Amino acid sequence: MADITKDMTIGEALMLKPEIAPVLLGMGMHCLGCPASQGESLEEAAMVHGMDVDELMGQIAAV
């Protein structure tokens, strides 16, 4: 399985590993199915939501 990277869109990451949805929701990313999730990278989403992208990626990797 390919690794999830911070430059992947939210949609790509969820297609690769759907079980990360609770991590994203828990960090305030409630728009997992909206159009922005198909064009916004995990890094961009972290920035918009005021979170540290490395912390987000660590939580995703732990799933």
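Tutor: In this predicted model, Thr9 touches Ser37, Gln38, Gly39, Glu40 and Ser41, leaving aside residues up to four places away in sequence. Thr9 itself belongs to the segment before helix H1, which spans residues 10–16. Is Thr9 buried or exposed? Its relative accessibility is 13%, and since residues under 20% are classed as buried, Thr9 counts as buried.

Some of the residues that Thr9 touches, including Ser37, Gln38 and Gly39, have numbers within the range of helix H3, residues 35–39. Pro35 is also found in H3. With a relative accessibility of 71%, Pro35 counts as exposed, because the cut-off for that class is over 50%.

Let us now turn to the protein as a whole. Its secondary structure consists of five helices and zero strands. Buried residues account for 43% of the 63 residues. A compact globule of 63 residues would have a radius of gyration near 11 Å, and the value of 10 Å for this protein agrees with that. The C-alpha atoms fill a box of roughly 25 × 20 × 20 Å along the principal axes.

What lies in the interior? In soluble globular proteins, nonpolar side chains tend to be buried together. Here the largest nonpolar core has 20 residues, of which Ile4, Leu24, Leu42, Leu56 and Ile60 touch the most other members. Helices H1, H2, H4 and H5 each give two or more residues to this core, and the largest share, four residues, comes from H5.

Within H5, residues 53–61, the buried residues are Val53, Leu56, Met57 and Ile60. They cover an arc of only 95° around the axis, so they are on the same side of H5. These buried residues pack against helix H2 (21–26) and helix H4 (42–48). Leu56 touches Val23, Leu24, Leu42 and Ala46, among others. Finally, Asp52 caps the N-terminal end of H5, with a side-chain oxygen 3.0 Å from the backbone nitrogen of Asp54.

How values were computed:
Residues are numbered from 1 along each chain as its sequence is written. This is a predicted model: local features need pLDDT of at least 70, side-chain atom pairs count only at pLDDT 80 or more; totals for chains, interfaces and linings use all residues. Side-chain values use heavy atoms; hydrogens and water are left out. Buried means under 20% relative accessible area, exposed over 50%, partly exposed in between (1.4 Å probe, protein chains only). The arc is that of the directions from the helix axis to the C-beta atoms. Contact means heavy atoms within 4.5 Å. A polar contact is a pair of N or O atoms within 3.5 Å; within protein, one must be able to donate a hydrogen and the other to accept it, and residues adjacent in sequence count only if both atoms are side-chain atoms. A nonpolar core is a set of buried Ala, Val, Leu, Ile, Met, Phe, Trp, Tyr and Cys residues joined through side-chain atoms within 4.5 Å. The radius of gyration is taken over C-alpha atoms; the globule rule is 2.2 Å times the number of residues to the power 0.38.
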